[in-house]
4 protein chains.
Amino acid sequence: MDLKNKIAEAAEHVLLTNGLAKTTTKEIARAAGCSEGSLYNHFRNKEDIFLYVLRGQLKNLMGTLTSLQSLAGKETVRNNLEQVALSALEDFSNSMSLICSIFSEPDILLRHREGFTLRNEGPHRANEAVDIYLLKEKQQGRIREEMDTRAVADLLLGSCFQHAFQMNFLGNVESHEERIDFVNRVLNTLFPGG
Amino acid sequence: MDLKNKIAEAAEHVLLTNGLAKTTTKEIARAAGCSEGSLYNHFRNKEDIFLYVLRGQLKNLMGTLTSLQSLAGKETVRNNLEQVALSALEDFSNSMSLICSIFSEPDILLRHREGFTLRNEGPHRANEAVDIYLLKEKQQGRIREEMDTRAVADLLLGSCFQHAFQMNFLGNVESHEERIDFVNRVLNTLFPGG
Amino acid sequence: MDLKNKIAEAAEHVLLTNGLAKTTTKEIARAAGCSEGSLYNHFRNKEDIFLYVLRGQLKNLMGTLTSLQSLAGKETVRNNLEQVALSALEDFSNSMSLICSIFSEPDILLRHREGFTLRNEGPHRANEAVDIYLLKEKQQGRIREEMDTRAVADLLLGSCFQHAFQMNFLGNVESHEERIDFVNRVLNTLFPGG
Amino acid sequence: MDLKNKIAEAAEHVLLTNGLAKTTTKEIARAAGCSEGSLYNHFRNKEDIFLYVLRGQLKNLMGTLTSLQSLAGKETVRNNLEQVALSALEDFSNSMSLICSIFSEPDILLRHREGFTLRNEGPHRANEAVDIYLLKEKQQGRIREEMDTRAVADLLLGSCFQHAFQMNFLGNVESHEERIDFVNRVLNTLFPGG
DNA sequence: GATGAATGAGATTTCATTCAT
DNA sequence: CATGAATGAAATCTCATTCAT
């Protein structure tokens with residue numbers, strides 16, 4: 001692996017462990033096993049490193065959700081949504097602290113907002129992905145014509161997002177079973193019939 | 001108003017404007033119209049100021065939600081939930097950047113987590129409040145016995161929370177009408193019959 | 001003496017001893033007997049310190065020359081010009097390295113050129129001062145009507161300036177007698193008659 | 001052109017554009033179209049590059065002045081001195097910022113002073129050159145026996161040197177006409193008779 | 001001879017906190 | 001209680017130079 005990616009991985013680890021505020025270039029360099037000066041051979045500045053890692057997280061988030069698109073028409077809708085929700089729960093949990101951190105640096109957010117939207121990288125894209133999946137299922141007649149698919153996506157992913165947020169805030173680490181339980185209660189409520 | 005609160009208000013303003021990372025004691029003092037030294041006559045350190053402001057925000061969040069409890073039995077459930085959701089949307093929007101900021105300083109979060117839970121101040125309490133409201137309505141027979149009230153609360157507030165997050169992330173400022181529209185689509189999906 | 005002036009004096013000493021390039025904030029602080037952080041309570045940045053010292057030097061330069069204005073009409077013109085030239089030689093010698101240093105940072109010069117000219121602080125003002133002195137003498141009939149006073153000022157101070165430059169460049173330290181000798185040869189040539 | 005000279009020219013350009021303080025090896029390499037490592041195949045270090053360029057400038061300065069020696073006995077003295085002064089004015093202007101820059105690094109100056117004097121490269125040599133020219137004219141009887149030729153050289157070149165310095169300091173760019181005007185006023189004052 | 005990534009020493013600047021007044 | 005100058009630790013970033021390829 002080249003040094004650039006080694007630095008990025010090290011930075012990701014430090015960011016998730018220590019938080020953005022306590023992530024120093026010295027610490028990143030130590031974790032990457034190189035000198036501080038080397039960071040600047042591969043990134044323009046510390047902000048660049050943060051953004052590189054952040055974009056990686058956002059891509060992860062999208063990756064799993066878009067890959068679930070191919071499930072349209074297979075298994076049951078309910079089953080597929082359970083998988084979607086569980087993946088989202090996990091991804092949100094992993095990236096929550098990093099993504100939230102950007103609110104502590106609104107000027108960075110401001111500076112790169114345009115880029116995020118241009119490259120379609122925002123966290124909002126997850127909801128769109130679920131929406132699109134549901135529309136496909138609707139085309140195949142596997143869900144009711146009247147269903148507001150976007151609203152369903154917002155409810156499902158919204159509850160997962162907030163749940164992940166709260167678990168992070170409270171420091172709770174959920175078992176897989178607990179997550180399945182949460183997801184099922186939510187899905188049962190969204191689709192009372194089954 | 002005493003200086004302590006003047007400082008707290010100034011700090012809140014600076015925190016919401018500049019973000020936690022760019023909030024310096026010098027800036028807080030300037031905004032409060034006092035000297036930097038004075039901050040330390042009213043707070044032990046900068047972390048204390050941040051926590052004081054943060055707890056204020058969390059109280060706000062709870063305040064509006066608990067006040068809506070008295071609505072149980074009045075108007076229609078649907079109407080009340082619309083008010084709940086709109087209030088949540090607004091409160092979440094206002095406090096999002098501040099509350100998320102804490103993830104950039106996980107050691108602060110760690111240090112005060114116990115206090116938050118002991119004093120019942122976590123952001124998760126909002127969901128409990130809605131749950132409790134719904135339970136009251138169930139007791140009065142205004143909603144179905146089988147309804148998983150906690151799941152409904154999680155879905156409703158979760159979607160509002162994520163929505164507020166995304167609007168903040170994208171820099172979108174919604175009109176009241178847009179918010180009403182969002183809330184209605186979500187509620188229509190949660191309560192298909194009306 | 002307050003710390004600001006202590007810092008300025010220390011900076012002047014370090015600048016004249018080590019040169020601009022080797023003048024670090026650490027060294028200035030050490031020479032001023034304070035911490036590096038203290039520098040920033042009195043100056044915005046290192047550039048500010050340099051400019052403060054530089055303007056002090058330029059004022060010195062002007063000071064001695066304007067004070068010599070009151071000599072108009074007294075002693076002999078030749079005698080007065082000898083004093084002017086000797087003072088100039090000394091001032092130029094002392095400030096040469098500092099004033100020249102600015103050419104190693106053309107962007108600083110560019111940034112403050114307007115300020116220098118607005119405040120009439122440029123090194124060119126010395127020549128004006130001598131010109132004005134000579135005009136006064138002309139009004140009193142002590143020098144020929146046809147004399148181009150500005151040209152005389154430029155010749156006299158120009159030769160002193162370049163002489164000071166060369167002595168600094170070569171590392172020669174002249175005795176007072178050598179300077180008197182230089183000045184007299186120059187004046188004898190400028191005013192052949194006496 | 002070999003790489004060594006390409007580097008030297010690039011360095012000269014960067015030095016005159018950005019100033020010594022802002023001239024980095026990276027920038028020189030970029031301007032020379034080679035790698036930073038290559039600089040060290042042709043020069044021992046950055047100081048070497050600077051000195052190489054500086055000595056080039058000093059040679060320029062001397063070059064034009066020594067070439068004017070052959071004019072002795074031709075045209076009129078006054079005419080020749082006008083050419084000398086104009087050349088000096090131009091050369092001084094071009095090299096001023098570079099030559100002055102050395103005062104920001106007195107240790108470099110100290111380290112190479114001996115070399116400069118041994119190789120007769122100092123800027124003071126210009127005055128000597130004019131002196132020698134005038135002595136030749138004196139031998140041919142074209143100027144008065146009593147004239148202090150060295151003093152004339154110092155006055156003439158000194159005023160040109162300071163004038164060039166001031167124009168550089170003030171950021172004024174003179175037209176050829178303005179320079180001719182300056183030189184003529186100075187020469188008229190030095191040689192009142194014509 | 002040419003390269004350019006890696007280095008590490010060092011420079012400037014920021015900032016929370018202290019403390020004498 | 002209020003002040004604000006002084007501090008010193010730490011953070012980011014620069015840059016000349018080296019060296020393996």
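This is a predicted model: local features need pLDDT of at least 70, side-chain atom pairs count only at pLDDT 80 or more; totals for chains, interfaces and linings use all residues.
Two residues are taken to be in contact if their C-beta atoms, placed from the backbone, lie within 7 Å. Residues are numbered from 1 along each chain as its sequence is written, with chains lettered from A in the order in which they are written.

By this contact criterion, and leaving aside residues up to four places away in sequence, V130(D) touches L65(D), V84(D), A153(D), L156(D) and L157(D). Within the largest nonpolar core, which comprises 107 residues, V130(D) is one of the residues that touch the most other members, together with L156(D), V130(C) and L156(C). Such a core is a set of buried Ala, Val, Leu, Ile, Met, Phe, Trp, Tyr and Cys residues joined through C-beta atoms within 7 Å, a residue being buried if 20 or more other C-beta atoms lie within 10 Å of its own, exposed if 12 or fewer, and partly exposed in between. Another core, of 106 residues, lies apart from it and includes F43(B), L61(B), V84(B) and V183(B).

Between chains C and D, 39 residues of chain C are in contact with 38 residues of chain D. On the chain C side, two or more residues are given by each of α5 (77-101), α6 (106-118), α8 (149-170) and α9 (176-190), where helices are DSSP runs (H or I, at least four residues) numbered from the N terminus. The largest share of that side, 13 residues, comes from α8(C).
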